[in-house]
Amino acid sequence: MKTLEFTINDKLGIHARPAGMLVKKAKEFQSEIIIQKDDKSVNATKLMALMGMNIKHGEKVTVTVNGADEEAAAAAIEKFFADNL
């Protein structure tokens, strides 16, 4: 299991466009990818649940990756957050 922490730098937070891109990226892997903010957590492949978390600029999220291809998935998610959020 890999755990990563990110601070959201996008001025609009995780809104529709990056949320959709994140879901698409998460679906490329077999590993389960969980996004957590405070006491709420969602599977990164669930667009509406992810948008429902209402993650804003400056907030911290924890990403947990667990599964057969977790190393590759964690690296891809880390790059995604750095490039897009």
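Lys25 has a relative accessible area of 25%, so this residue is partly exposed. In this predicted model, Lys25 forms a salt bridge with Glu28, with the closest N and O atoms 3.4 Å apart. The count of such bridges comes to four.

Another of them joins the side chains of Lys37 and Glu59, at 3.4 Å from N to O. This pair links distant parts of the chain, 22 residues apart: Lys37 belongs to strand 2, and Glu59 to the loop between helix 2 and strand 4. Lys37 is buried because its relative accessible area is 11%, under the 20% cut-off. Glu59, at 25%, counts as partly exposed.

Helix 3 covers residues 70-84, and its 15 residues should span 21 Å at 1.5 Å a residue; the end C-alpha atoms are 20 Å apart, which agrees. Its buried residues are Glu70, Ala73, Ala74, Ala76, Ile77, Phe80 and Phe81. They cover an arc of only 165° around the axis and therefore lie on the same side of helix 3. Among the elements that cover them are strand 1 (2-7), helix 1 (16-26), strand 2 (32-37) and strand 4 (60-66). The face turned away from this buried side carries the exposed residues Glu71, Lys79, Ala82 and Asp83.

Elsewhere, Leu47, Met48 and Met51 make a nonpolar surface patch of about 280 Å². Leu47 lies in helix 2 (residues 47-52) and, at 33% relative accessibility, counts as partly exposed.

Key: Residues are numbered from 1 along each chain as its sequence is written. This is a predicted model: local features need pLDDT of at least 70, side-chain atom pairs count only at pLDDT 80 or more; totals for chains, interfaces and linings use all residues. Side-chain values use heavy atoms; hydrogens and water are left out. Helices (H or I, at least four residues) and strands (E, at least two) are DSSP runs, numbered from the N terminus. The expected span of a helix is 1.5 Å times one less than its number of residues. Buried means under 20% relative accessible area, exposed over 50%, partly exposed in between (1.4 Å probe, protein chains only). The arc is that of the directions from the helix axis to the C-beta atoms. Contact means heavy atoms within 4.5 Å. Patches are made of residues with over 30% relative accessible area and no salt bridge: like charges are joined within 9 Å, nonpolar side chains (Val, Leu, Ile, Met, Phe, Trp, Tyr) within 5 Å. Accessible areas come from the Shrake-Rupley method with a 1.4 Å probe; for residues, only the protein chains shown count as cover.
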